[in-house]
Each structure stands twice: as structure tokens, then as C-alpha cells.
Amino acid sequence: MEEARLLSINVVGNGFSYQGWQAGVARKPHLVAGDNGSSDSGPYSLGTGEGRGSAQLKRDLGIMLQSASDLGVPFSTGSCGRAGGEVHLQNTLKVVEEVCKEKKLHFRVALIHAEQDKAYLLKKLAEGKITPLGPVAPLTAQDIETSVRIVGMMGVEPYIEALDQGAQVVLGGRAMDPAIFAGVPLRMGLPVGLCWHASKVIDKGHLATENPFEGSPILATITPDYFIIEPTKAGIRSRIQDVAGQTMYEQSSFKIVAPGGAIDTTDCVYEQIDERRVRVSGSKWIPSSKYTIKLEGSRFVGYRAVSLVGVRDPVLIEQIDSYLVEYHKAMARVAHSLGIAPDEYQLRLRVYGKNAVMGALEPNPDFVPQEVGICIDAVAKTQAIANTICGRADPVGSHLSYPGRLCTAGQFAYAFQPSVMQAAPVYEWSVWHVVETDSWKDMFQIEMVEI
Amino acid sequence: MRLRDLAKAIRSANSGASLLTLDVIFDEEEVYKGVVKSGILTPELVARLYRVKPDQVQVYNYPPAQAYKITLPRPNRSGGPDETDFDGKQQHAPLLGIEFPGVNRKSPRTSC
């Protein structure tokens, strides 16, 4: 049986070493691929339809698509446009078309749609087929209905089907990262556990190398007995720790769950075969009786305005917790006097220097620093209300009295005037659940386009 | 020695939107073995440091990576108006000061 060679980079649109890429292409990979998105960017991308900026994306796509054409092998990507919804997928297709027009490339392109129909999900909910992913509350019909859009995270089956239909370029909506890569070696008949594990290791490209900031592409060579991971940029190394570390990155255990099963890495053997390369064997695929797909949904919360003020007064800093209680009470009175109802806004006072970063998890909340930054954060039904609340919060907070107060001119230091800054609108995850489905075809549709 | 002096990397990240995952990675095998043998890094200790319940904490060690992996629930679903740390990348501090008596490095820590 032939070995499969897969060439990957970190993220399409994040850049990579050109020299490293050419060295990888010289190895004649069977696939050139890279992930295009993530839910790390949060629910904003899914809610607004905004994706990645296009200059770096065009550069990366240009190089990768040219190589795919030169080698006569597929190019594959997934979670297009960051969030992998319909508008994100269409925007990515536009960039691909532009690049192909400029470079005079022609491809048979498969689009794999990942955005979900609310009626379908409501039916699945009523059937009791939707469960929480991690410690979140059970899904309600209202969560589905109030979502701006909901995507399913596809596994490898749609990619295999697209390749079976002769796709030379596969653009997937929201996808599980390894699924972008695993289709090619699986179609070559290589062992399922090794195909998935290798795909998982390379799905963030240079993070599986010793020096990620060098931006080296990564080559996975998969055989019936093992896979080998190596960076393709000269002088860059992958060590056992990088490969094993990448296996566990952002996972909560050593069984990596995928649609239809899990990759069990508990008994894997990692060997450093030379300075730069790692060989892995023993990865097992454990099929599950149910086929489940992860769902991500985004919901609009409100418009945001923020202000950042400095406090250097030791008298206030020593009693900041009780001050904040009075501050909130004063702001509630202000909102009321302006006819703004409590359910029309939320006000947060984030104290940098004390507990703004860890919030409820901060183990050391009584620490008294010499200065703090108070970030006044107003989220409201309209931008006007957010701006008003934030705008009033500055003078109210600056002149609010507290026991022992000496700095009677005011306690806030402003670096910017006007102090209110309009921020991006706020979205939250409305759906973070798993749906059991009879077939991936109920959720993901493949569309072929010639460019 | 303290964990911050023994480990090569101590990092936090989201594992999806509902969980926080912490990796503690060692570059010296003897240090890793010493930490494992000490039995100090437990769900109960982590629960105390992060002020959550012990049954919400999972602690694994993965010998090929010479690393521990710790998972606990995020205080809020990631994203949303009350977010304090979008990617969960700055939640590792409570682990740094954990003491491991008798466990020492052979060579000085180099930066990553």
C-alpha cells in the first residue's frame, strides 16, 4: 500500500514560510491543505458574517492553489471565513475565484455547506437528540430561534464524498480540523486511527514544531504502521514533545472525539527518529454507536461602549470593592432618571490590576496594587443607550464620594478625551451542543462549482 | 522547587467554549517523574486553587508529552458580554507557585 503525504500550514490567512512551502512541495504530497477558521474567535464572526482580512488570505491561497495545480493534487480547507457559516463560505469562494482569475487557474470546486436549518434543529430538539457539550445548560427552542446562525461541525465523510465526486478544491464550512486532511489518506485505505491522529497533529501547522514563529509548514507521511511528522523549512525541528503536545492541545482528554467515534492516543509510541522528525504508532480509532455532530450558534447581545480610566489614589484603591458597590447604585439611579430601563443595559466595571483577567477564578482578590485601570463597559439595546451610560459613568464615578476621600477634584485619570469609545457589537454562544443524527447528509450538502 | 521553576511551559487555553484546559509541560524527564511520584498535583489541589468543586476538575498525565493536562469548567461560556479572557490564555497563574519539595531541575530553565 502506498504511503500518503499531506502538506499543511497553520491557518490559511495567517502566513507561512515560502521557502518551507517549496521544500514541502518538492516532496510531492498527495494533498495541500490548511484550516481557515476556529471558534476561538468567539461568536462574533459567526454572528456578523465577518471573516478574515483578504491580503494575507490571497497570498496564502495563491501559493497553495498554484501548488495544487502544479502537482495535480487536491487543495482542501475548512471552517472557511473563520466561522464556517454560509456567508463566510461564499466570501471565501469569492477570494478563491479572484485568485484563480489572476493566476489563470481552473478547478472543480466543492463547497460543503455547514449552516443548519432551524426547523431541522427544532425537530431534533423535540426528539431529545440534542445534548450539552460540556457544562452548559440544556438547549431550548428559544436558543435556536434567537440565534443569528447555527453551524454544524462536519467530520470527514463530506470531504471524502467531495473527493469522490472529483473535487480538486474543497472549501468546507465549519469543520473539525483533522477532517480537512484525513479524507485523502482514508481514501487510500490507510488505517483510520493513524489517519486521524496525523491529521490532528498537523492541523495547526507550525505549532507542531520547536519554533512556531518560524512559520514552517508541516509534512505528515502516513503508512500502514505509523506516521512521521516533519517540518519542511530548513533548520526547523519537531520533537516528541511538540507532536505529543499538539495531540493534547485544547483537548480535555486523550480520547479525541470526532463524529462517529474517537481517536484513542493513550497507547501511542512516539519516537524521535532523527533531530527533526518524530514517528508515531499505536493510534486507535474507536467507533461509537451514535453519529453526533457538534453545533455552534451565535446570538446578538447588544451594542457596546467602553471607557478606560486610571486611578492612583491609595485611599480609593484600598476600598475599591465597597466603592464599586456604591458606584453601581449611583449608576442605577442615573439610568432611572434618564428613563433607561434595567433590562435595556448592562454595566460592568472591570478593575485591571485586581481581578479583571481571572474574574471569579482570581485566587488573590484582596491584593492592593498602587494603581488600577477601571474599564467601564456598557452593553445596551441600542448604541445610543450604551454611549449614554458609558458617558455618564465617567463623571459619576470620578466625583462619587467615599470614606476618607482626599482627592476632592476627582479620582479618575483620563488618557483620552472624549473618553467614551464605541466598541464592536457583542454576541454570545447561544448553541454549544451536540446533535445525534442519522446521516451526515441531513446536515451537510455538497455543491460543485467550476472555476 | 516551585512549579514555575520546574516546568518548561505552563499554559491555559479554552477547550471549546465551556471548558478551560491547563497544560503543564516538563523538559526534564526526572523532574516530570518526580512531580508524578509526589502525588501533589491532584484535582483537590486544583479545585482549591481555582475555587471550584473537585468533581469538576480532571487531571491527567501524558507520559509521551511529559505533561499534565488539567480541565475545569470556565466560569462563563466563552464570548458574551461578561467575558474576561476570550481565548482563556491568562488563567494559568494559580499553578505557578505550587511547591514540590525535593524535586529539582538539573539544568537552568531556558525561555520558550
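A salt bridge is a side-chain nitrogen of Lys or Arg within 4 Å of a carboxyl oxygen of Asp or Glu. Side chains of opposite charge can pair when their charged atoms come close. The structure examined here is a predicted model, in which local features need pLDDT of at least 70, side-chain atom pairs count only at pLDDT 80 or more, and totals for chains, interfaces and linings use all residues. Residues are numbered from 1 along each chain as its sequence is written, chains are lettered from A and ligands numbered from 1 in the order in which they are written, and side-chain values use heavy atoms, with hydrogens and water left out.

Over all chains, the search finds 36 salt bridges. One of them joins A:Asp177 to A:Lys204, with the closest N and O atoms 3.3 Å apart. A:Asp177 sits in the loop between β7 (169–172) and α8 (179–187) of chain A, and A:Lys204 in the loop between α9 (192–202) and β8 (218–222) of chain A, so the pair ties together parts that are 27 residues apart in sequence. Helices (H or I, at least four residues) and strands (E, at least two) are DSSP runs, numbered from the N terminus. A:Asp177 is buried, at a relative accessible area of 14%, and A:Lys204 is buried too, at 15%. Here buried means under 20% relative accessible area, exposed over 50%, and partly exposed in between (1.4 Å probe, protein chains only).

A second salt bridge brings together A:Lys284 and A:Asp267 (3.0 Å, N to O). A:Lys284 belongs to strand β14 (residues 284–287) of chain A, and A:Asp267 to the loop between β11 (261–264) and β12 (269–272) of chain A, 17 residues apart. Both are partly exposed: A:Lys284 has a relative accessible area of 38% and A:Asp267 has 49%.

Turning to chain B, the average pLDDT (the predictor's confidence in each residue, from 0 to 100) is 90, and 98% of the residues score at least 70. Chain B holds 3 helices and 4 strands, in the order α-β-β-α-α-β-β from the N terminus on. Of its 112 residues, 53% count as buried.

Helix α2 (residues 29–38) of chain B has the highest mean pLDDT among the elements of that chain, 96. Within α2(B), the residues B:Val31, B:Tyr32, B:Gly34 and B:Val35 are buried. They cover an arc of only 160 degrees around the axis (taken from the directions from the helix axis to the C-beta atoms), which puts them on the same side of α2(B). Just after α2(B), B:Gly39 takes a positive phi of about 65 degrees.
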